[in-house]
Amino acid sequence: MTRRARRPARWMAALGILALSGSGCGLSLQALPKPGGISGPSYQIKAVFANVLNLPVQARVLIGANQVGQVSAISTADFQAHLTLTIKKGVLLPVGTTAQILFDSPLGDDFIELHPPANGANGPYLRQGDLLPEPDTSSAPSIADTLAALGTLLNGGGLNQLQTIIVQLNDALNGHQGDIRTVLEDLQTVVTSLAANRTSIDSALTGLTQLSTVLAQGSAAITNGIDTIGPAVGVLADDNADFSRLLDSTNQLSTIASSVVNASGQAGVTDIKEIDGVLNQLVSVEQDIGPTLADFSRFESLTPKIAPGNYLQLSLTGNAIVNSAPVLGANAPNPTAGTSAPATSNGNAITGLLGAGLP
């Protein structure tokens with residue numbers, strides 16, 4: 001190898017030594033500028049994050065899988081990270097867009113993913129200098145957080161007790177599989193029945209809700225009623241002895257009334273039998289008394305023709321033989337002895353009495 005050929009190798013070694021010696025002064029891969037980036041016209045917006053994790057300057061800004069910008073600057077103030085995002089001029093971000101810090105793989109770089117709102121296609125859009133506030137930004141869990149949570153689950157969580165739980169379940173179920181199967185079948189039947197009557201259950205619950213609402217609205221009246229019933233119950237309790245004496249007296253009265261009814265029962269039966277005979281007699285003479293009463297009714301209706309005034313003096317005499325003939329019958333015999341001529345009817349007698357006054 002010639003001396004001229006050895007010079008480039010020496011320069012490369014010197015650059016490597018310089019890079020390694022510079023690492024002791026805080027130089028790291030995260031601090032080195034990112035290759036690539038965007039070019040051409042652009043505009044800048046601000047974003048406030050509570051935590052930017054290991055996000056470097058010139059980190060990618062994506063919408064889906066497309067890079068639309070990059071992180072231009074990162075600063076901190078009031079325990080918050082303030083980022084400047086440079087966005088390509090042709091990319092329109094609707095107002096309400098959110099941002100989240102993600103990483104593409106456990107050893108990959110962090111990036112910012114933008115999520116435009118679903119209903120913001122027609123604007124308005126973010127412009128130069130607009131701000132994404134902290135409520136619209138978030139950070140995904142880092143690898144360290146994920147591994148720490150996994151370590152807690154495996155070491156200090158309930159996963160290490162899973163074997164104990166399984167062993168205890170096996171001991172509890174040993175020999176009771178049939179009963180457990182029956183319980184599960186019954187539970188399935190109940191759940192199926194409830195699902196089939198879901199409409200009725202909903203209606204019942206709605207009715208209970210309405211009833212509860214009505215009761216809640218009338219709570220004051222219910223309270224007043226309970227407060228009023230309390231003294232009333234107290235008064236009834238104080239008069240309990242009087243009510244007991246009243247019931248005893250009523251019991252004695254019922255005993256006496258029962259004895260009176262038993263004593264007078266036979267006499268009442270006898271009176272009813274005698275009244276029955278009288279009623280039978282009245283029914284037997286109904287055909288004879290009826291025409292007479294009809295004649296009196298006709299006479300009453302015709303009296304205005306013979307006495308136009310408000311006063312009529314009339315004297316009638318009637319004889320009846322109860323035992324030998326119907327009372328005032330139309331064909332009753334003459335009660336005078338030695339007379340064989342038939343008596344005239346009551347209608348004819350009344351017509352003769354009134355004379356020309358009757359039609």
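Local features were taken at pLDDT of at least 70 and side-chain atom pairs at pLDDT 80 or more, while totals for chains, interfaces and linings use all residues of the predicted model. Residues are numbered from 1 along each chain as its sequence is written, and side-chain values rest on heavy atoms, with hydrogens and water left out.

Helices (H or I, at least four residues) and strands (E, at least two) are DSSP runs numbered from the N terminus. Eight strands form an open sheet with mixed pairing, in the order E7-E1-E4-E3-E2-E6-E5-E8; two strands count as paired if DSSP finds at least two bridges between them. E7 and E8 (137–139) are at the edges with a single partner strand each, so one side of each has no neighbour in the sheet. E1 runs parallel to E7 (residues 131–132), to which two bridges join it, and Ala-47 has Leu-132 in E7 as its bridge partner. The pairing of E1 with E4 is antiparallel and extends over eight bridges, with Tyr-43 opposite Ile-87 in E4. E5 and E6 are also antiparallel, joined by six bridges, and Ile-101 stands opposite Ile-112 in E6.

The largest nonpolar core contains 22 residues, and Phe-49, Leu-83, Leu-85, Ile-87 and Ile-112 have the most contacts inside it. Such a core is a set of buried Ala, Val, Leu, Ile, Met, Phe, Trp, Tyr and Cys residues joined through side-chain atoms within 4.5 Å. At least two core residues come from each of E1 (42–49), E3 (66–77), E4 (80–88), E5 (98–103) and E6 (110–115). Beyond its neighbours within four places in sequence, Ile-112 is in contact (heavy atoms within 4.5 Å) with residues including Phe-49, Leu-83, Leu-85 and Ile-101.

Leu-93 lies in the loop between E4 and E5. Its relative accessibility is 0%, and Leu-93 therefore counts as buried (under 20% relative accessible area, with exposed over 50% and partly exposed in between; 1.4 Å probe, protein chains only). Residues up to four places away in sequence aside, Leu-93 touches Tyr-43, Ile-45, Ile-63, Ile-87, Leu-114, Tyr-125 and Leu-126. Ile-63 is 30 residues from Leu-93 along the chain, with a C-alpha separation of 10.0 Å.

A nonpolar surface patch comprises Leu-162, Ile-165, Ile-166, Leu-169, Leu-173, Ile-180, Leu-184, Leu-187 and Val-191, together about 760 Å² of accessible area (Shrake-Rupley method, 1.4 Å probe, only the protein chains shown counting as cover). Patch residues have over 30% relative accessible area and no salt bridge, and nonpolar side chains (Val, Leu, Ile, Met, Phe, Trp, Tyr) are joined within 5 Å; a salt bridge is a side-chain nitrogen of Lys or Arg within 4 Å of a carboxyl oxygen of Asp or Glu. H3 (162–173) and H4 (177–196) each give two or more residues. H3 gives the most, with five.

Notes. Patches are made of residues with over 30% relative accessible area and no salt bridge: like charges are joined within 9 Å, nonpolar side chains (Val, Leu, Ile, Met, Phe, Trp, Tyr) within 5 Å.
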